[in-house]
Amino acid sequence: MKRYIYIILGLIAVVLGVLGVVVPGLPTTPFLLLASWLFVRSSPRLQQWLLASWLGRYIRNYQRRGGMTISQKAGAVGIMVAMVLLSTFVFIPEGSIARIIVPIAGGVGALTVIFLVPNAKTDD
């Protein structure tokens, strides 16, 4: 039963990772890393599929570098901030609870990228 739960959660993580490719502010790599972790524990076939697909490059780059470069982090946080501001003040109606939730979620996402995502190793 646990195996099937991991597979379902892994597939959901892949879908969110794919959305992250086209939706600014939604991370791609963390969802794909989660999917990879779940597939390693549940389905070697899905793990191989993920690594062999075009999505596998996100995982391989992260593993090879051991994290994100400072410029990648700056770009990711910059896009997150821009999209949160745009969403909050242009698309979300005034008085909506989303005007509180979106900036909080964006702040948590930015802080996660800055402090929890490891810095990439330099090529010396």
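The model is a predicted one, in which local features need pLDDT of at least 70 and side-chain atom pairs count only at pLDDT 80 or more, while totals for chains, interfaces and linings use all residues. Numbering runs from 1 along each chain as its sequence is written, and side-chain values use heavy atoms, with hydrogens and water left out.

Let's begin with the whole chain. The protein has six helices and zero strands, giving the pattern α-α-α-α-α-α along the sequence. Here helices (H or I, at least four residues) and strands (E, at least two) are DSSP runs, numbered from the N terminus. Along the principal axes, the C-alpha atoms fill a box of roughly 50 × 45 × 20 Å.

Next comes the surface. The accessible area, from the Shrake-Rupley method with a 1.4 Å probe, is about 8,100 Å², and 71% of that belongs to carbon and sulfur atoms. Of the 124 residues, 30% are buried, meaning under 20% relative accessible area, with exposed meaning over 50% and partly exposed in between (1.4 Å probe, protein chains only).

Now zoom in on helix α3, residues 44-52, where Leu 46, Gln 47 and Leu 50 are buried. These three sit on the same side of α3 because they cover an arc of only 105 degrees around the axis, taken from the directions from the helix axis to the C-beta atoms. The buried residues of α3 pack against α1 (2-22), α2 (29-40) and α4 (56-65), where a contact means heavy atoms within 4.5 Å. On the other side of α3, Pro 44, Arg 45, Gln 48 and Ala 52 are exposed.
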